Amino acid sequence: MMRAPENGCPSIPLLRRHIGQLWLQPMLRKTFLPAIFLLLAYGFAVSADFKTITAGVAIFLFGMLSLEEGFKTFTAGTLEKILKASTNSLLKSMTFGVVATSIMQSSSLVSVITISFLSAGLLELASGIGIIFGANLGTTTGAWLVAGFGLKVNLSAYAMPMLVFGIILVFQRAKSLKGAGYVLAGLGFLFLGIHYMKDGFDSFGQTIDLAEYTMTGYAGVVVFAGIGAAATVVMQSSHAMLVLILAALATHQISYENALALAIGSNVGTTVTAIIGSLGASADGKRLALAHLVFNVVTGLLAIVGIYELMVAVEWISARLGIAADNYTLQLAVFHSLFNLIGIVVMLPLLGLLVRFVEKLIVSEQVEIERPIYLSGASIEIRDAAVESVKKESIRLYDLAAGVIADGLSIQRDALETEEKLKHVLRKSTDVIDEDIDDLYERKLKALYGAIVEYVIQSRGGYAEGRMKEELNSLRQAGQHVIEAVKGVKHLRKNLTRSLRSDDSTVKKEYDRLRKLILKVLRDIDVVRTADVGSRSVLPFDRLKLDIEEKTRQFSEGLDMLIRKGSIDVHTATSLMNDISYCKETCWDLVEAGSVLFSESDPDEKDAIQSIALGEREIIEMMDNADEGAAR
Amino acid sequence: MKIQKLLDKLKDILSADRHAQLEKYKSLKKVLKSLRVEKKGLEKELSDTIDAEKQQEISSRLKIISMQRKKGLKLLRELKEDRKRNK
């Protein structure tokens, strides 16, 4: 069966999104994770110290997650108010980025909040980029804290009480206490992670000397920058990577020069994770991620090219700040701040250019509203063409609705057109299809139906009379049935989705019956639709009506039985009763629409056929008579 | 008697309402006839088939056709009576 295309040609951004979702993500999922697991397993088998270091990284990352969770508790109120008030100028945005990231010690959390504000239209892209610039500088405070404080003090001594108090607070009901608990526990885990990383490198240094692998010159800078970027992508945190670099540097496992290169690479690597994360975000979110990448790549390139000049500058600044010449960890912190500051100074005048560049590269996905393709001003002037146009557009509406209904029932759309047995289709359709049905209804169906109604009213008011008027009215009525059918599925979907996600096989089975019936009706309508013209009368639809009545009656009787047996609770039973009713209405609406849209008969016989087609009351009467006969 | 019949036919031709009524009567009769043929075919198919599922399907189709024919025959009678009354 040929279906009308749902949209025109897919837009380029849409294609990009599909490529991202269909190709990149599964590829990463399939190869990246197993490779990392294998590498880690090999490392664990070879070295106990490696185990301690990676456990330290894992605990540190867990601490960051906990910290993010804690800050999220407060974001709904205070932080949002602060963000609104402090982002109305570029300087304010940047300051906000620096301060927020310094407090939260997570540039990713700040980025997420910024993206959510951008998506909500509460923030300009330029302000968003300003925050990201500031966040890049703010994240360097982590290096200062760890280098100046973390590596000299026994952090685990602070970590333990923080964890205990934090976890006690996490179990509290009050939202603010819970949030504070997450923050405290997060800090505890961060400290504990740093402690393990430091311990691991301490004992690691006694057995293997990584310093032997030191590379000098620009080749070394490039190689170590690459390693830094790759490691940050794996850890999903530049902060954790920086702590790792500092711990390795403090124990002289890596040279100062290579540590600087690792820090540069880490700064670039952190944006890759943001880009992967933004694949599902809005256009502005993607733009922000791209601007982040451009900023960090430019900053990284500047740092690589001028690394030796920067080292001299760091030496000079360190001397002014009273940092000892051999205190490389604090010098790394100076370097980290310095090259990010240079990046900001260079990129700030180019901000307007950067905004235009990312806006040009990532085009906003327009909200696609389905437009009529057969209803034109020209056809409305021609009497015969008008009915035909409305019919074609109504059939298109039906096809679009059938797709939305399949989505609503979490059944693949292909299942409507194949001859695969229904029970096989249902067996395969156990996952919820995560489509926004309300959005599809608004964009694809409501606008199209509105256009049909408008067209019918215009032609009816103008010249349509007699048979033509009747035909236009019945087509409009068919459109109404299509819309009602989708609305029925929208109601049904709530509990259906819940049943698909639950482990209750009884409820699942009941909802599968409802899905099966609707799918069967759609397929049976297609059978009539594709039959020879001679067999496409309205009468075969009566058989479908009988089928619907019989099946829904069986569902209700089956439900009574389940309640009697106690296999189903009353609350679920009530929901099912309502849903059986929605299912029945949906099926009836589909049949009513199908009987208008797909029946063809000799014009002379059309009235006669319609006069003997059965209505709902007659079908019920027929079934009652059959039941009485069986009882006797 | 023959003259009466001829007059009726003339009325059918000259009166638009009667003409439409006659067309409706004829088309209904034609549809009922095709349903009767379909019913007979299905009855034969039912006696030939041994598949229970198929039997059930044919039975339900037969039930529907019987109901449609019953409704159609009632309409046909009403149309006939109307025509008699309008003579």
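Predicted model: local features only at pLDDT ≥ 70, side-chain atom pairs only at ≥ 80, totals over all residues.
Residues are numbered from 1 along each chain as its sequence is written, with chains lettered from A and ligands numbered from 1 in the order in which they are written.

**Nonpolar cores**

- The largest nonpolar core holds 82 residues, and V243(A), I245(A), L246(A) and L332(A) touch the most other members.
- Such a core is a set of buried Ala, Val, Leu, Ile, Met, Phe, Trp, Tyr and Cys residues joined through C-beta atoms within 7 Å.
- Helix α8 of chain A (residues 175-207) gives the most to this core, 13 residues; helices are DSSP runs of H or I of at least four residues, numbered from the N terminus.
- Another core, of 67 residues, lies apart from it and includes L409(A), V489(A), L492(A) and V31(B).

- In α10(A), 13 of 13 residues are buried, a residue being buried if 20 or more other C-beta atoms, placed from the backbone, lie within 10 Å of its own, exposed if 12 or fewer, and partly exposed in between.
- From first to last C-alpha, α10(A) reaches 18 Å, close to the 18 Å expected at 1.5 Å a residue; the expected span is 1.5 Å times one less than the number of residues.
- H252(A), with a positive phi near 60 degrees, follows α10(A).
- Helices α10 (residues 238-250) and α14 (residues 328-347) of chain A pack at about 145 degrees with axes 9 Å apart; axes are lines fitted to C-alpha atoms over the stretch in contact, and angles run from 0 to 180 degrees between N-to-C directions.
- L246(A), L249(A) and A250(A) of α10(A) meet Y328(A), T329(A) and L332(A) of α14(A), contact meaning C-beta atoms, placed from the backbone, within 7 Å.
- By class, this contact of α10(A) with α14(A) has five nonpolar, one polar and no charged residues; Ala, Val, Leu, Ile, Met, Phe, Trp, Tyr, Cys and Pro count as nonpolar, Asp, Glu, Lys and Arg as charged, and the others, Gly among them, as polar.

**F165(A)**

- F165(A) lies in helix α7 (residues 155-170) of chain A and counts as partly exposed because it has 15 C-beta neighbours inside 10 Å.
- The C-alpha atoms of F165(A) and A185(A) are separated by 7.5 Å, with the two residues 20 apart along the chain.

**Interface of chains A and B**

- Chain B places 14 residues in contact with 14 residues of chain A.
- On the side of chain B that touches chain A, α3(B) gives the largest share, nine residues.
- The residues on that side of chain B divide into five nonpolar, four polar and five charged.

Key
Helix = DSSP H or I, 4+ residues; strand = E, 2+ residues; numbered from the N terminus. Contact = placed C-beta atoms within 7 Å.
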